[in-house]
Amino acid sequence: MSDVVLAGLWGLVAGSALLLGALLGYGVRVPQKVIAMVMAFGAGVLLSAVSFELVGEAYDKGGLGPAAVGTLLGAVAYTVGNLWLARRGARHRKRSGSAEGEAQPSEGEQGGSGTALALGALLDGVPESAVIGVGLLDGGAVSLVTVAAVFISNVPEGLSSSAGMRKAGRSKAYVFGVWGAIAAASTVSAVLGYTVVGAFSPAVIAAVTAVAAGAILAMIADTMIPEAFEDAHLAIGLVTVCGFLVSFALSHA
């Protein structure tokens, strides 16, 4: 099997977790504290993967300059895109709608919010999947830790967001159409991460990896941790650390 196909398959595996989370969030009434705990755990897993698998690898390949610049550029790009989408109704796209004033708007409350929510999901998912394809550039072996981290974090993302979409009156076709499209985009992103980025120098590859890391870090701080804190603030630190340690253990196994 070619590495391009492998990149796509691993991207699909990671993206399919969003559909799994959406199925749970839309079809099962999961307690808010459980959603928050799982979100906190996923945030910890991603934080570890970003630190040791992405930023660390970018530093090893290109040195401090490309790693630092790339991480900052990724964070800036994500923040700018997130601000633009927030003004169009996607501010609380990962929220389950439990807190007053933090529910996702319906299309009637804010026209175009459905499109903004879909674009927001794309903004959150593409950097994670791209680094899976980039990881294949090192000897043709994907980082299973990165795939596991993205998969584990995608479940609570899809769960919480789809629960909020249901409360906002979004149809089942809309919810699963969005997450199905994001799963497909994850596949394409992983393939592009392998085919396009692989043509560049190690320094550029390092910078691209760092850009994805910066975008993921900004996403964790802006969307995942606030949702977790809302309903599990007394335990969020402990649960996040547990997620961090699980990912750390996997990366050093």
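Tutor: We will go through the aromatic pairs, then the nonpolar cores, then one serine. Keep in mind that this is a predicted model.

Student: How many aromatic pairs does the structure hold?
Tutor: It holds three aromatic pairs. In one of them, the ring centres of tyrosine 26 and phenylalanine 176 are 5.8 Å apart.

Student: Is that pair stacked or edge-to-face?
Tutor: Edge-to-face, because the ring planes of tyrosine 26 and phenylalanine 176 are at 70 degrees and the cut-off for edge-to-face is over 60.

Student: Where in the chain do those two sit?
Tutor: Tyrosine 26 is in helix α1 and phenylalanine 176 is in helix α6, 150 residues apart, so the pair links distant parts of the chain.

Student: Buried or exposed, what does tyrosine 26 count as?
Tutor: Buried, at 18% relative accessibility. Phenylalanine 176 is at 24% and counts as partly exposed.

Student: Which residues do ring pairs link into a cluster?
Tutor: Phe52, Phe244 and Phe248.

Student: OK, new topic. How many residues has the largest nonpolar core?
Tutor: It has 22 residues. Among those with the most contacts inside it are Leu46, Ile216 and Met224.

Student: Which helix gives the most to this core?
Tutor: Helix α7, with nine residues. Helices α2, α7 and α8 each supply at least two.

Student: What about a second core?
Tutor: There is a separate one of nine residues, including Tyr26, Val178 and Ile182.

Student: Last one: what does serine 186 touch?
Tutor: Serine 186 lies in helix α6 and is buried, with a relative accessible area of 2%. Leaving out residues up to four places away in sequence, serine 186 touches Gly11, Gly15 and Ser129.

How values were computed: Residues numbered from 1 in each chain as written. Predicted model: local features only at pLDDT ≥ 70, side-chain atom pairs only at ≥ 80, totals over all residues. Heavy atoms only, no water. Phe/Tyr/Trp six-rings, centres within 6.5 Å; stacked < 30°, edge-to-face > 60°. Helix = DSSP H or I, 4+ residues; strand = E, 2+ residues; numbered from the N terminus. Buried < 20%, exposed > 50% of the residue type's maximum accessible area, 1.4 Å probe, protein only. Contact = heavy atoms within 4.5 Å. Core = buried A, V, L, I, M, F, W, Y, C linked by side-chain atoms within 4.5 Å.
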